[in-house]
Amino acid sequence: MAAAFRPVAVIPVYNHGEAVGAVVANVRAGGLRCILVDDGSSADCAAVLDALARAPDVTLVRLALNQGKGGAMMAGLRAAAVAGYSHALQIDADGQHDARDIPAFARAAAEQDAVICGVPVYDESVPKGRLVGRYATHVWVWINSLSLEIRDSMCGFRVYPLAPVVRLFDEARLGRRMDFDPEVLVRLHWRGLKIVSVPTRVTYPQDGLSHFRLGLDNWLITKMHARLAFGMLVRSPLLLWRKVATR
């Protein structure tokens, strides 16, 4: 790997006290340091995070109030950039992502200037309703990016190059809840950053804790797609020219 490649894992946590310890252990076993973002968790979960942060390769960022997944990720990614890391692996705290895939994601990130984005390979644990909702978002992402490059816009297992991502945060206002994951990919694609897809195994724990609020988050995602659609129309000449120029 290039000498400048210095990755870290960023894990947003909101009351995942029972699962996050195993996630941290698996990430560390995969060779990465961790930045935990306590997104306004309960006292019990905060105590678990305090204990985990005693390890020399684990850092804790604490948000006094819950900001949502997007807000937590933006805080964690900014902290990673300030600490001098070049790339950040985003992984959920509930254990659904397979940390054994970290080396493959890290290798792909080290070899190219791109977002390395997971494409889930599900087992039988995935709720069927989630699959339907995900594909509705995928279609809108393909429309708003005028591209099929973003194969899966909802998977929270990905590696970001930090410099262009933090620059995006400084220059645009992004969704702070579950709308963050698809929006950040579309906006990075608009800016010409390559999106590389890598298959990854995803399991939904039977006793897993989901913070997806059906009404609120679906409304926020719908508004996000509408904003992006207007942005796509403004940028469509550039996006279409780029498609022709790269053929």
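How many residues does α3 have, and how far does α3 reach from its first C-alpha to its last? Here are some notes for you on this predicted model, starting with that helix.

1. Helix α3. The answer is 15 residues and a reach of 21 Å, close to the 21 Å expected at 1.5 Å a residue. Its buried residues are Gly68, Lys69, Gly70, Gly71, Ala72, Met73, Met74, Gly76, Leu77 and Ala80. After α3 comes glycine 84, with a positive phi near 95°.

2. The largest nonpolar core. This core holds 37 residues, and the members that touch the most others are Val10, Leu77, Tyr160, Phe169, Phe180, Val184 and Leu188. At least two residues each come from β1 (7–13), β2 (34–39), β3 (58–63), α3 (68–82), β5 (114–122), α6 (162–171), α7 (180–190) and α8 (214–245). Helix α7 gives the largest share of this core, with six residues. Apart from this core there is another, of 32 residues, including Ala93, Ala99, Ile116 and Cys155.

3. Phenylalanine 180. Setting aside residues up to four places away in sequence, phenylalanine 180 touches Gly70, Met73, Met74, Gln90, Tyr160, Phe169, Leu174 and Gly175.

4. Aromatic pairs. The count comes to two. In one, phenylalanine 105 and phenylalanine 157 are tilted, at 4.6 Å centre to centre with 40° between the planes. This pair links distant parts of the chain, 52 residues apart: phenylalanine 105 sits in helix α4 (residues 102–111), while phenylalanine 157 is in the loop between α5 (128–145) and β6 (158–161). Phenylalanine 105 has a relative accessible area of 0%, so it is buried. Phenylalanine 157 is buried too, because its relative accessible area is also 0%.

5. The pair at phenylalanine 180. The ring centres of phenylalanine 169 and phenylalanine 180 are 6.2 Å apart and the planes meet at 50°, so this pair is tilted. It joins helix α6, which holds phenylalanine 169, to helix α7, which holds phenylalanine 180, across 11 residues. Both phenylalanine 169 and phenylalanine 180 are buried.

6. Histidine 189. This residue is found in helix α7. Is histidine 189 buried or exposed? It is buried, because its relative accessible area is 9%, under the 20% cut-off. Leaving out neighbours within four places in sequence, histidine 189 is in contact with Ser145, Ser147, Glu149, Ile150 and Arg242.

7. A charge over a ring. Arginine 6 lies over the face of tyrosine 85, at 4.1 Å from the ring centre.

Technical notes
Residues numbered from 1 in each chain as written. Predicted model: local features only at pLDDT ≥ 70, side-chain atom pairs only at ≥ 80, totals over all residues. Heavy atoms only, no water. Core = buried A, V, L, I, M, F, W, Y, C linked by side-chain atoms within 4.5 Å. Buried < 20%, exposed > 50% of the residue type's maximum accessible area, 1.4 Å probe, protein only. Helix = DSSP H or I, 4+ residues; strand = E, 2+ residues; numbered from the N terminus. Contact = heavy atoms within 4.5 Å. Expected span 1.5 Å × (residues − 1). Phe/Tyr/Trp six-rings, centres within 6.5 Å; stacked < 30°, edge-to-face > 60°. Lys NZ or Arg CZ within 6 Å of the ring centre and 35° of its normal.
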